[in-house]
Amino acid sequence: MTPAQTIKANLTELSRQRANRRKWVLYAALLLVALIAPFLAYPVFLMKILCFALFACAFNLLLGYAGLLSFGHAAFLATGGYYTGYVISQNSVTPEVGILIGTFAATVLGTFMGVLSIRRQGIYFAMITLALAQMVFFFYLQADFTGGEDGMHGIDRGHLFGLIDLSNNLSMYYFVLAVFLFGFLVIQRTIHSPFGQVLKAIRENEARATSLGYNTDAYKLVAFVLSAALAGLAGSTKTVVFQLASLTDAHWHMSGEVVLMTLVGGVGTLFGPLVGAAFVVTVEHQLSQSALGDWVNVILGLIFVICVLTFRAGIVGEIQKFMKSNFK
Amino acid sequence: MTMIFGVPAAAFYGQLLLGLINGAFYALLSLGLAIIFGLLKIINFAHGAQYMLGAFAAWLLLNMLGINYWTALFLAPLIVGATGVLVERFLLRRIAHIDHIYGLLLTFGLALIIQGVFTNWFGVSGNRYAVPEALRGGMNLGFMFLPYYRAWVVVIALAVCFGVWFMIEKTKLGGYLRAGTENPALMQAFGINVPLLVTLTYGFGVALAAFAGVLAAPIYSVAPGMGANLLIVVFAVVVIGGMGSIMGAILTGLAMGIIEGLTKVYYPEASNTVIFLVMIFVLLFRPSGLFGKEA
Amino acid sequence: MKTMKTVLTAAITAALGVSSAQAQISDNEIRIGYLADMSGIYRDLAGPNGLEALRMAVEDFGGSINGKNIRILSADDRNSPDVASSTVRQWVERDRVDMVQGLIASSVTIAATRVINGTNTLGLVNGSAASSITNEHCTPNHIHWAYDTYPLANGTAAAVVAEGGKDWFILTADYAFGHALENDVRNVVEAAGGRIVNTVRHPLATNDFSSYILQAQASGAQVVGLANAGGDTVNSIITAGEFGLTQAGQSVAALLLFLNDVHALGAETAQGIQLVTGWYWDMDEDARAWADRFYERTNARPSMVQAGIYSSTMHYLRGVEATGSDRAADVRQWMAENPVNDMFAKGGYVREDGRMVHDMYLARVKTPAESSNAWDLYEIIRTIPGDEAFRPLSDSVCSLVNQ
């Protein structure tokens with residue numbers, strides 16, 4: 001290696017380190033904000049954001065990294081919620097056990113739906129997931145245990161591990177935050193693992209990935225099931241927070257809403273879904289309580305259109321692009 | 001009395017006929033979707049809203065300007081089709097070069113906007129549009145009472161469906177369209193104005209939706225939400241028929257109408273779900289749909 | 001452990017109750033949260049015009065009580081129990097709202113009343129139909145005002161059977177509300193010596209009802225009962241008319257039909273249909289006078305839900321004025337002790353299960369010849385006395401009812 005090359009290599013290494021350090025500073029700052037947030041904003045509202053953020057992160061794992069647009073993710077959110085609610089109110093299990101069972105139910109459903117759908121691509125994949133989710137919706141509408149249209153109510157928040165009283169909003173918040181961070185880390189590890197690299201390769205060019213000897217269907221299935229499980233985890237946690245589970249979560253509008261969140265935040269970015277979920281939930285919340293209450297749907301539609309036309313990379317994606325081109 | 005699967009034969013025939021009539025609506029709507037998908041490769045999520053616009057256009061024409069049903073049958077699709085042309089020209093064209101998923105998302109947003117605006121303007125309860133004078137009443141077929149208007153719907157809808165099929169498959173204009181679907185770049189090289197073709201195609205697909213809306217106005221409540229639930233059923237029809245296949249959309253529309261109609265007799269609770277069940281089975285065994293070409 | 005807690009809470013409440021003489025208006029302000037569907041399928045039932053009715057009540061009180069300002073907050077529930085639960089929770093915990101008004105979809109109402117149960121906030125339910133709201137879902141923190149499914153089914157079915165409509169075909173919306181309605185009708189019809197020939201359950205938001213109408217025709221029943229709501233009922237009636245159901249000698253009984261639905265259908269299509277309503281704008285002088293004021297502001301005639309919002313708010317505010325307190329328990333007690341005499345009800349009273357008992361009315365939709373304008377739609381045939389109309393307390397499973 002010539003001296004010049006060595007210096008260059010060292011410089012690159014140095015800037016990489018610096019970038020890395022910047023990243024960790026950013027993470028630490030975000031964590032700090034998350035920790036003090038419930039003292040600055042209404043905790044129940046923050047928990048709602050975190051639940052939807054986890055849901056959107058799970059969805060983004062599939063769309064952003066495997067290139068699969070699912071139009072049926074509401075099914076997993078609802079499944080997690082209903083089963084958690086059911087075991088908590090019927091068998092009086094502690095919330096963490098309830099959440100585990102709900103997540104497991106969503107994982108099972110995800111495996112089933114995944115096997116049926118991952119062999120298709122693009123629009124067909126979107127449509128078959130939509131169809132399957134419609135059947136799930138029908139099941140929950142008909143099944144007795146869900147309470148049908150009225151929903152499942154009065155689910156006790158209970159005591160975490162039988163010890164910590166979750167009826168306190170602050171304890172509940174930190175628990176939800178922990179669940180979110182867990183889900184977020186799982187996704188972060190997945191994306192940066194060799195598995196995640198193969199997923200991206202499949203997204204870019206499935207035929208090439210196949211010719212390199214990867215069993216692409218197996219990879220996509222694992223991604224699908226993981227995404228379903230995390231969506232279920234979000235639904236389960238949400239049920240504990242709000243003490244109810246309802247058909248709203250199973251409706252196809254919910255599948256559309258998670259697309260909106262991910263799109264607004266930035267498809268295929270780590271923080272995009274978090275930012276998108278926070279944005280959409282806040283906008284909906286603020287609008288529905290304002291004088292513009294009856295225009296909520298119109299404004300959400302406008303956001304969709306503007307997003308697609310002008311900033312397709314989403315809030316986080318556009319910021320990243322801006323940073324890249326200005327602060328190399 | 002002869003029985004078919006536990007239902008009196010007369011009632012069975014009646015349900016078949018009603019299923020066919022509903023199927024004609026599905027055929028018209030899925031035809032529009034299929035044409036749009038064929039050339040633009042996008043799923044038009046605003047199709048339900050545009051169907052609703054057609055019904056509202058007819059209602060407004062009658063109540064504001066006193067324009068009757070027969071004129072509205074031409075005028076409403078023309079007006080709504082024109083809005084479709086604008087949507088393609090100023091919105092969809094700007095994203096034509098990127099992943100077609102964005103087209104789906106854009107039209108999804110449009111559907112929210114259109115439906116929301118009409119809800120605020122006209123409320124959700126809906127409005128009545130009277131059946132045109134000439135088509136009031138009905139005939140007794142022996143096994144059922146058939147309103148003349150329903151008979152008219154099935155006749156005109158099928159005529160339009162097959163007319164459009166003929167135009168696409170057998171005429172020169174249709175040839176351009178098919179060629180544009182196969183290879184737009186080559187078409188451009190041959191001096192065909194492909195962007196114009198795309199714009200007009202979208203407008204035409206939208207006009208078909210609006211036409212179905214006008215047909216629906218006298219038999220359903222003209223309400224902002226009338227297209228929203230119909231839409232995903234029609235999606236399923238298009239997927240089952242094979243995306244972009246014209247004849248597939250028409251025949252599947254009719255077939256699904258009948259299947260849904262029979263479900264309403266044997267297991268009515270599932271009548272909104274049965275089409276999705278069919279769709280899953282079809283996609284498992286014929287991934288490109290019943291009439292689609294293998295990808 | 002739990003019982004001890006309950007005893008303790010009761011003791012504390014009792015102690016506080018004693019001191020209610022010095023009760024106060026919390027935060028020096030009476031805060032009312034209006035929660036309703038502003039953008040979805042129930043928008044016309046209450047929606048923005050319901051908010052207007054609420055504003056009318058507040059204005060009639062001069063916007064304040066004894067110098068304490070009355071403030072209105074409003075939110076769109078988006079027909080989602082999730083949204084309802086989080087909004088009401090925020091109102092209770094952060095914004096310290098004293099009364100929640102509106103409450104339309106049953107799922108939304110149940111979610112909201114679960115949140116306010118045990119707090120100092122009172123819920124006034126006007127939009128929901130489910131009679132379970134003051135039965136298995138009753139709480140000391142809410143009152144159900146305008147109507148519920150019990151008189152709808154009983155009043156309509158009893159009247160129709162009495163006129164000789166013995167054989168029924170019921171078309172039911174396939175969800176909890178429809179099932180409850182169907183069940184109530186079945187009980188009434190069979191008790192009166194009638195018979196249910198057949199029932200068919202259709203999915204919520206069905207596009208086309210012709211298949212069901214054909215089945216109803218084939219059933220040979222005298223009466224076709226519609227145990228559905230909103231757009232589904234409207235489309236059922238349109239299709240019944242189209243297929244000549246009534247010309248062939250069958251009659252249609254709609255079990256839940258609101259003024260805005262009938263207005264949408266028009267007298268031409270809806271004529272002759274019998275229905276039960278809790279209030280009608282043209283039923284007496286008081287109602288008409290208020291409806292005229294409402295019309296000036298909204299250009300529409302009020303539904304019974306919108307009238308109920310005004311009436312219940314007025315009664316609530318009178319309670320706040322009389323007790324000098326905006327605590328749920330105090331005001332509710334006053335509301336129960338004092339009869340309701342206003343444009344909505346004469347001699348109405350609030351029962352211990354939270355049901356506001358008042359007269360209901362059996363109405364018939366006028367023919368186009370009888371109807372003088374687009375809102376002149378009902379002819380009141382019979383008054384159903386309140387004590388006959390609602391579910392008797394002896395049948396109640398509500399935990400607040402002493403048995």
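Q: What share of the contacts in chain C between residues at least 6 apart in sequence join residues at least 24 apart?
A: In this predicted model, the share is 72%. A contact here requires C-beta atoms within 7 Å.

Q: What makes a residue of chain C count as buried, and what percentage do?
A: The cut-off is 20 or more other C-beta atoms within 10 Å of its own. Of the 403 residues, 61% count as buried.

Q: How do you know that chain A touches chain B, and which helix gives the most?
A: Count the contacts. With C-beta atoms within 7 Å as the test, 30 residues of chain A meet 32 residues of chain B. H5(A) gives the most to chain A's side, with eleven residues. Helices H10 (252-265) and H12 (296-310) of chain A also give two or more each. That side divides into 22 nonpolar, five polar and three charged residues.

Q: What makes up the side of chain C that touches chain A?
A: In this pairing, 23 residues of chain C are in contact with 23 residues of chain A. Strand E3 and helices H3, H4 and H6 of chain C each supply at least two residues of chain C's side. H3(C) has the largest share, six residues. By type, there are nine nonpolar, eight polar and six charged residues.

Terms used. Residues numbered from 1 in each chain as written. Chains lettered and ligands numbered in written order. Predicted model: local features only at pLDDT ≥ 70, side-chain atom pairs only at ≥ 80, totals over all residues. Contact = placed C-beta atoms within 7 Å. Helix = DSSP H or I, 4+ residues; strand = E, 2+ residues; numbered from the N terminus. Nonpolar A, V, L, I, M, F, W, Y, C, P; charged D, E, K, R; others polar. Buried ≥ 20, exposed ≤ 12 C-beta atoms within 10 Å, placed from the backbone.
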